[in-house]
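Take a moment with the sequence and the model before reading on. The text then walks through it one part at a time.

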Amino acid sequence: MTRTFLGMPATAPRGVGHLREGEPFPAAARRALGDPQLRRNLGHATTTIRAKSGRVIGELPDWQQLRDAGSALKADTMARLPELLEQLESAVTAAGGTVHWAADATEANRIVTGLVRATGEQRVTKVKSMATQEIGLNEALAAAGIEPVETDLAELIVQLGADRPSHILVPAIHRNRAEIREIFLRAMPGVDPALSDEPAALAGAARAYLRETFLRTKVAVSGANFAVAETGTLAVVESEGNGRMCLTLPETLITVMGIEKVVPSWRDLEVFLQLLPRASTGERMNPYTSMWTGVTPGDGPQQVHLVLLDNGRSAVLADEVGRQALHCIRCSACLNVCPVYERTGGHAYGSVYPGPIGAVLSPQLTGVADNASLPYASSLCGACFDACPVKIDIPSILVHLRGRAPHPRAEAAAMAAAAYVMDRPRLYAAAQRAARLGRLTGRRGRGLPPPLSGWAASRDVPEPPPATFREWWARR
Amino acid sequence: MRIALFATCLADTLFPRAAIATVRLLERLGHEVVFPAEQTCCGQMHVNTGYARDAVPLVRRHVRTFGPYDVVVTPSGSCAGSVRHQHADVAAAAGDDRLAARAAAVAGRTYELSELLVDVLGVEDVGAYYPHRVTYHPTCHSLRVLRVGDRPVRLLRQVRGLDLVPLPAAEQCCGFGGTFAVKNADVSTAMLADKMRHVLSTGADVCAAADASCLMHIGGGLTRLRAGVRTVHIAEILAATETGREAPA
Ligand code: SF4
């Protein structure tokens, strides 16, 4: 029940959850780039989803207006977040649910683990949720002797493979069907040893295993895509029906939700439920949209809990430029259009939030020093901004965060020197001449110091011209 | 019309042909071009690498240099983008609201070359002759920051002798991204590899763009591979005529 903040809002704590890079992005990316299977899978998947999404977005004449509406609703929500959260709390409580406030990952894990323990159960089914991955809930449950079972097919593949998700929506985007078959044969309880790698057979095996699990498990843990402050309604959107099973069959349902997921009114869902499926999976309508408001006596879970998670979000909210990152509805469109993500995949970003949104969200949740290479993991090409259904200006946030990231001393000195010279046209012209006449390097850039040597590894250094433009101009 | 040229530090230093071609082209169309010598760099590299404070004097210099002119042209989509979309913010963030206002005014009078030609001067056929098979890379900042749309392609379509072949996946970034190219050299190279593959698939002998920086990147890769495809700034193509020199030096 930690609700009082003293001073600056805290960032997400270290040592729990999955928000921090294990190594700098360039090093992790280098390894990923060397994996031809990964490159092929990602290239294929992102190209397909881009085309599909582009087609259905093209069908809506009012797509841009919808984006404006989504963006405005989110901005309004963030401007009065505390008030909306309290409204949500009252509405959920009035409907028979219980609301818990978690300042960070540690507290959220403790709350959820305690709630499951109180039921006496030793297994929970899980609906795919970014928030529970962010806080490392599965590890916390396992440490408490509780077995979490992921029920989204791709998430199950990741879990059985003792792997990490690499995409917000398609967590096993880096796996192909041969690899999936091997994982199932190795780790899925009761699997048929004659399992083939046909997609239908793989889905059949997962279905048989999950059905059994759904029917025997009395507690489920979910995230939430939206929470309506006005009514206390929580919403989960998914495509496989596994979510519907988790949300309706168990006796106890525990939902962990980032505080930014609240929307003011029921009516607002109209906008987001149009934006989300078209931007994310390229569907016109989301296949399974489940909504529940507290407890319905005699129908569905009779114990309903909502854990409201901060874990650095208040710190993000305090940043005028960066707070837009909280508008994200996790559609993953920005990943699918990102030329960097398409080549490196999600693991290179370290955090559970990969791609462009990860590059702006993770460093803010943890404090930029703990994810210092992520704001630079972008060529600032702007494709993410154009694709985002709620118009988050990701390139501007990246640049803003670069300004706050710790700078290497040599780089800072070089930048200051360059600015000094460029503010003095005479010095600048002299430097131009010196560079040309001195010719410090050949076309292959031999002798260039790092990081400039990185350029010459794959690209020739331009031949200096016989005269600079200003020399030509002065002579004409 | 009297037009002030912002050559950009990169074209001034390493790719003067782009700036020279811009001068020749505009003069041929009957306009007066001036080159205010106090200009240096727009400061984009500083801003985009996280050194906005170092860029403040460069913004001030740029505003002072170009403030007196009614129309400013630059042969670079990304430098035009920096002037139009960053300068005022950099000044405001540094607490200099007066500078921000003046920067916004200069921004409103600054055009990328294809915008100047099509929107301000109202010309699409500039009377150029360029007998080559050309593919055009639209560059991210021209496309998504300035939103120049198909203006460059409309200009190229009017060029006599030019065989314009569409570039597959044209809208994908070439991987330059300023200091991204050195900070994330491997990812940048992977992006470049795909861009070059698409360029080569067109069978073009020239890859054109409206930004010397992207051309330096793509060209640096193509020459390293001895790929036999040249990179040329769109200004050089538009400046070329049947009688004149094809490539101004
Ligand atoms: S930032 Fe925008 S595009 Fe990316 S996942 Fe979030 S809502 Fe989707």
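This is a predicted model: local features need pLDDT of at least 70, side-chain atom pairs count only at pLDDT 80 or more; totals for chains, interfaces and linings use all residues.

Start where chain A meets chain B. Chain A brings 60 residues to the contact, and chain B brings 63 residues. Together the two chains bury about 5,200 Å². Carbon and sulfur atoms give 58% of that area. On the side of chain A, three residues lose the most area to chain B: Met415(A), Arg459(A) and Phe469(A). Together they make up 14% of what that side buries.

Nine salt bridges cross between chain A and chain B. The polar contacts there come to 35 residue pairs, counting those with both residues at pLDDT 80 or more. Which element of chain A gives the most residues to the side that touches chain B? The answer is helix 19, residues 409–422, with seven residues. By class, the side of chain A that touches chain B has 33 nonpolar, 10 polar and 17 charged residues.

Two salt bridges between the chains can be followed atom by atom. One joins Asp12(B) to Arg470(A), side chain to side chain, with N and O 2.7 Å apart. Another joins Glu411(A) to Lys183(B). Here the closest N and O atoms are 2.6 Å apart. Glu411(A) sits in helix 19 of chain A, and Lys183(B) sits in helix 11 of chain B, residues 180–183. Over all chains, the structure holds 41 salt bridges.

Thr13(B) also reaches across to chain A. Its place is in helix 1 of chain B, residues 9–13. Which residues does Thr13(B) touch, once its neighbours within four places in sequence are left aside? They are Tyr428(A), Gln432(A), Pro465(A) and Thr468(A). With Gln432(A) there is a polar contact between the two side chains, at 2.7 Å. Along its own chain, Thr13(B) is 10 residues from Val23(B). The C-alpha atoms of these two residues are separated by 16 Å.

Turn next to the ligand.

Finish with Ala10(A). This residue lies in the segment before helix 1 of chain A, which spans 25–33. What does Ala10(A) contact, leaving aside its neighbours within four places in sequence? The partners are Gly312(A) and Ala315(A). Compare the pair Ala10(A) and Ile183(A). They are 173 residues apart in sequence. In space, their C-alpha atoms are 39 Å apart.

Conventions: Residues are numbered from 1 along each chain as its sequence is written. Chains are lettered from A and ligands numbered from 1 in the order in which they are written. Side-chain values use heavy atoms; hydrogens and water are left out. Contact means heavy atoms within 4.5 Å. Buried area is the accessible area (1.4 Å probe) that two parts lose on being put together, summed over both. A salt bridge is a side-chain nitrogen of Lys or Arg within 4 Å of a carboxyl oxygen of Asp or Glu. A polar contact is a pair of N or O atoms within 3.5 Å; within protein, one must be able to donate a hydrogen and the other to accept it, and residues adjacent in sequence count only if both atoms are side-chain atoms. Helices (H or I, at least four residues) and strands (E, at least two) are DSSP runs, numbered from the N terminus. Ala, Val, Leu, Ile, Met, Phe, Trp, Tyr, Cys and Pro count as nonpolar, Asp, Glu, Lys and Arg as charged, and the others, Gly among them, as polar.
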